Amino acid sequence: MIKFNFIFSGDVSFGCGVADRVADRLAERGWTKVILVVDHNLLNVAKVQQVTDKIRQSVHSLVEIVCQISEPTYATLESNRVSSKEVEVDAVIGMGGGSAIDFAKGMAVLYRNHLSAIRYRGFNKMTEPVLPIIAIPTTAGTGSEITPNASFVDSEKKRKLGINGAAVRPRYAYLDPALTVSCPEKPTISAGVDSLVHATEAYVAKRTNPMARLFAREAFKLVFDTLPQVVDSPSNLELRSKVMYGTFLAAIALMNSGTGPAAAMSYPLGVHFHVPHGIAGGIFLPHVIAYNVRRGVTDYADLYEAVECAETSLSRDAMNQRLVEDMFATWNRLGVPCRLSGYGFGAGDVDMFIKDTLELKAALDQNPVPFHEHEIEGILEKLI
Ligand SMILES: [Fe+2]
């Protein structure tokens, strides 16, 4: 019997040139006082300047914040706070990678919620309304432009638990593949691999449903086939467009299904060893799939079957195996590491890593077969 709940809200525009219409949207909504958070890497990118110039011309007052870090902390969020007690603001725009958009979400929360930023860590901790958020991603993969989550690092406790809740979901998202052309190779790969983690884990999660699977399968096919081609031809708009569309579908699947062990393990690796989020999840993903396949999970064959070079005459068992092999080969081509030692991770870090990962029990519980301390240890053994 088919039974599910499926959430998708927000107004999404997709296609080359759609970001030029953000200024029109501001005018239409009568939003004349705006906070604009821009990734510092983009300040000299002509296409980005074109969009931000239009925004500047269309508003009466603009607070511009340059987001300088790839993993925002609660402390940096706090130090940039713009308060309703001092300034009038109608909306917040976040332009850049997932971090810049998350930062914009945090600013939107703190505007009327006056406690220290860390007090809003968790789910629906805000008591006052959150400003409307407009997201303009310039990388394809994190999904922040449509998700109700904003990730921040608690530098004191060395934990990454964000500010979450439906109010944090952007009101408008402009997915303009032309903006991703400026994204350098490493963040392009990290964000793309992140979306493959989202699609794969959403497909097999215990909480998945037929609609989430529809999105996850199409997302996997688009990104798995196209990401290596984008790396070879970074200016090709058609390829950039396919990847951005695929990563968007993966985010919808993720929101309506769940994550899993690879996503969970990516967090301590990011916080303690500064591994980019997508790469961190990617390192673990084929190992999680291989473990699950050994324990009898067969649904990965559906993902394998969807990709272009699939040998559809294979048995389902063989297809499951081939997905793991093909993923390792693709990771090799994309430069996703197969060892943790390059990040300074050694045997002495295992206990701390396991402890931190076990705190993300909700994600581990979504794995289709039991995944506990022993399984984390088993995967780490292969990676050290
Ligand atoms: Fe992710």
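Student: Where does H274 lie?

Tutor: H274 sits in the loop linking α9 and α10. Helices here are DSSP runs of H or I of at least four residues, strands are runs of E of at least two, and both are numbered from the N terminus. The model is predicted: local features need pLDDT of at least 70, side-chain atom pairs count only at pLDDT 80 or more, and totals for chains, interfaces and linings use all residues. Residues are numbered from 1 along each chain as its sequence is written.

Student: What makes H274 count as exposed?

Tutor: Its neighbour count. H274 has 12 C-beta neighbours inside 10 Å, so H274 counts as exposed. Its phi is near 55°, a positive value in a residue other than glycine.

Student: Why is N124 called partly exposed?

Tutor: N124 has 13 other C-beta atoms within 10 Å, so it is partly exposed. N124 lies in the loop between β5 (122-123) and β6 (133-137). Its phi is positive too, about 50°, although N124 is not a glycine.

Student: Is N41 buried or exposed, and how do you know?

Tutor: N41 has 20 other C-beta atoms within 10 Å, so N41 is buried. The residue belongs to the loop between β2 (33-39) and α2 (46-58). N41 and A100 are 59 residues apart in sequence, yet 11 Å apart in space, C-alpha to C-alpha.

Student: Why is α9 called oblique to α10?

Tutor: Look at the angle. The axes of α9 (residues 261-273) and α10 (residues 277-294) come within 8 Å and cross at roughly 135°. Angles under 35 degrees count as roughly parallel, over 145 as roughly antiparallel, 65 to 115 as roughly perpendicular, and the rest as oblique. The α9 and α10 pair is therefore oblique. The crossing is right-handed. On the α9 side, the contact includes P261, M265 and L269. On the α10 side, F284, L285 and V288 are among the residues involved.

Student: What makes α6 and α7 roughly antiparallel?

Tutor: Helix α6 (residues 185-204) and helix α7 (residues 210-232) pack at about 155°, with their axes 8 Å apart. So α6 and α7 are roughly antiparallel to each other. Their crossing is left-handed. The residues that meet include I189, L196 and Y203 from α6, and F220, F224 and L227 from α7.

Student: Which residues touch the most other members of the largest nonpolar core?

Tutor: V37, I93 and A253 do, in a core of 118 residues. A nonpolar core is a set of buried Ala, Val, Leu, Ile, Met, Phe, Trp, Tyr and Cys residues joined through C-beta atoms within 7 Å. Helix α8 (residues 237-256) gives the most to this core, with 12 residues. At least three core residues come from each of domain 1 (11-180) and domain 2 (185-383). Beyond its neighbours within four places in sequence, V37 is in contact with residues including I65, V92, I93, F103 and M107.

Student: How many residues of domain 1 and domain 2 does their contact take?

Tutor: It takes 19 residues from domain 1 and 25 residues from domain 2. On the domain 1 side, β9 (159-160) and α5 (177-180) each supply at least two residues. The largest share of that side, three residues, comes from α5. The domain centres, taken over C-alpha atoms, are separated by 27 Å.

Notes
Domains from an automatic or database assignment. Contact = placed C-beta atoms within 7 Å. Axes fitted to C-alpha atoms, helices over the stretch in contact; angles between N-to-C directions. Left-handed = near helix turned anticlockwise from the far one by under 90°.
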